[in-house]
Amino acid sequence: MRIHVDMNRCESHGQCVFAAPEHFSFDEDDNLLVVEDVPADEAVRAAVREAAAACPVRAVTLHTDGTAA
Amino acid sequence: MSPRHIVVVGASLAGTGTARALREQGFDGRLTLVGDEPHPPYDRPPLSKQLLAGEREIGDIALPPTDGLGIELRTGAAATALRLADRTLALADGSRLDWDALVVATGAAARPWPAPVPGGVHTLRTLDDARALRRELAAEGARLLVVGAGFLGSEAAATAAELGVPVTLVEAEELPMARGIGTVAGGFVARLHREAGVELRTGTTLRSFTGAGRVTGAVLEDGTHVPATAVLLALGAVPGTAWLRGSGLLLDGAVVCDEHGRALAEDGTVVPDVLAVGDASRRPHPLTDGTLHLGHWSAAVEHAAVAARVLLHPAGAGELPEPPVAVPSFWSDQYGVRFRSLGLPHLADEARTVEYDVPGRRLEVTYHRDGELVGVLTANRTRRLAAYRPRLADAFRHRRAAAAAL
Ligand SMILES: Cc1cc2nc3c(=O)[nH]c(=O)nc-3n(C[C@H](O)[C@H](O)[C@H](O)COP(=O)(O)OP(=O)(O)OC[C@H]3O[C@@H](n4cnc5c(N)ncnc54)[C@H](O)[C@@H]3O)c2cc1C
Ligand code: SF4
């Protein structure tokens, strides 16, 4: 599973950071930093899915084998 | 066994979220989503921001579609009465729906002025409201009067000011947004308004409108007249639960629920198979004795996920799992400044300022009650906000455990 964030949409809400801090964080200026590759760990995947659902501007999409999930 | 026919009333954030979550969690029975608005479901926060500014239209703010999920979506259909005894729902067109489980997701409506108003006086809750107000702002010589400087009035005033429209913002309290986020942050917001040229009139309220047929302004309690071509009443929201009066559900404005979102009856017991989510519901929180009404976007999303789990909890599987402790979050965008909050700042008895930098557009305030952290607000400092999240979750969990042990 890979994370894609549409940086044109992202408004630094931080909901993804709260849900899955292993994969989302901010730099000093509130720009979002993303660790895109998600390991095959179900707990981590659940947190990443939660992060995608919590984003108020729906900037986070998840892809498996190159397709939207 | 899960219910055969689930009816969700209210087709916006909480309602569509519940319906989608039910399908995602494997519900394969009949699912009906009933909403009184004529539009496909859309998201509200942009209405006072990008949509009012003319930067976005309905296509940009649509909620994730429910098509292809086997959901019967009935738009333009208002629910008028709920009957628990024979499990039916009456609709305004005279038809009736039978249900095995029902979810109340009818949100809230703008608090109206208590008397008839002239033309040009608006509220802001729906897409049609936002479009109507946008037309007013685009007119030659537009002047806007906003009554109420809560987050919604404050955002609308900011959007109008950025469009170059002269704005007067009237607030009964001494500072904007102070009831929600306190005087330090309220003072910060006041500075932003004044720098942008908004005439902020605090400590006064609106007495009456002027203009016959079409508004020309308003007279304030202090006797002054404010000229305006349009007025926005931003007086807060009232839960959309009038249609539930007499149904037997316990109402305190919103539907009173347990921590799972299950509706309570007037005698305080759980009503089987009836839930309420989003702005139409109130539920317990470790920081209050009674129940809390939030009216936040994130709460509606969280409620929807929990509701689907509760509805699909197998009958023989024992007690419902305890829902995750809620750390409420809220945001507001004004003048390009991103206000983000966590927890419950409005319940604090003390605010501590960590950073207050108006020129740098940065703010960090923590909120405490009896010395204990209960909330935090930042402006353009979401990175710092994130660090408080686990601390707040721990504090709330601790409180819940302590209350359960009593
Ligand atoms: C202008 C504006 C800006 C906002 N900005 C923010 C923000 O920046 N951050 C934030 O956290 N929150 C914000 N909010 C709040 C957020 O939008 C709400 O918390 C959220 O919309 C709640 O979703 P809901 O589905 O519970 O209720 P609603 O969105 O109110 O939806 C309820 C739906 O039910 C329908 N309905 C009502 N009665 C009936 C009936 N009898 N029969 C059928 N259908 C019915 C309504 O027409 C509506 O479509 C904002 C709200 C507004 C209005
Ligand atoms: S939740 Fe969405 S908007 Fe917020 S930081 Fe994450 S991607 Fe950006």
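## Basis of the model

Residues are numbered from 1 along each chain as its sequence is written, with chains lettered from A and ligands numbered from 1 in the order in which they are written. In this predicted model, local features need pLDDT of at least 70 and side-chain atom pairs count only at pLDDT 80 or more, while totals for chains, interfaces and linings use all residues; side-chain values use heavy atoms, leaving out hydrogens and water.

## The sheet in chain B

Chain B has an open sheet of five strands, ordered β24-β25-β28-β27-β26, with antiparallel pairing. Its edge strands, β24 (329-334) and β26 (350-357) of chain B, each pair on one side only. On average, neighbouring strands of this sheet are turned by 15° against each other, direction ignored. Strands (E, at least two residues) and helices (H or I, at least four) are DSSP runs, numbered from the N terminus; two strands pair if DSSP finds at least two bridges between them.

β24(B) is joined by six bridges to β25 (residues 337-343) of chain B, and the two run antiparallel. In this pair, B:Ser329 stands opposite B:Leu342 of β25(B). Helix α6 (residues 382-405) of chain B lies across β25, β26, β27 (362-369) and β28 (372-379) of chain B, at about 160° to β28(B). Such angles run from 0 to 180 degrees between N-to-C directions, with axes fitted to C-alpha atoms, for helices over the stretch in contact, where contact means heavy atoms within 4.5 Å.

## The annotated domain

An unreviewed UniProt entry places the feature "domain: FAD/NAD(P)-binding" at residues 5-303 of chain B. UniProt annotations may be inferred rather than shown by experiment. Over residues 5-303 of chain B, 20% of the chain is helix and 29% is strand, and the end C-alpha atoms lie 20 Å apart.

## Two cavities

The whole structure holds two cavities of 30 Å³ or more. A cavity is a set of points, on a 1 Å grid over the protein atoms alone, where a 1.4 Å probe fits but cannot get out; lining residues have an atom within 4 Å of a point. The largest cavity has about 90 Å³ of space. Among its 15 lining residues, A:Cys10, A:His13, A:Gly14, A:Cys16 and A:Cys55 are the closest to its centre.

The second largest cavity has about 50 Å³ of space. Its lining includes A:His13 and A:Phe18 as well as B:Ser329 and B:Leu342. At least two lining residues each come from α1 (15-19) of chain A and from β24 and β25 of chain B.

Definitions and conventions. On a 1 Å grid over the protein atoms alone, a cavity is a set of points where a 1.4 Å probe fits but cannot get out, and a pocket is an open set with protein on both sides within 12 Å along at least five of seven lines; lining residues have an atom within 4 Å of a point. Grid points are joined across faces, edges and corners, and a volume is the space filled by probe spheres set on the points.
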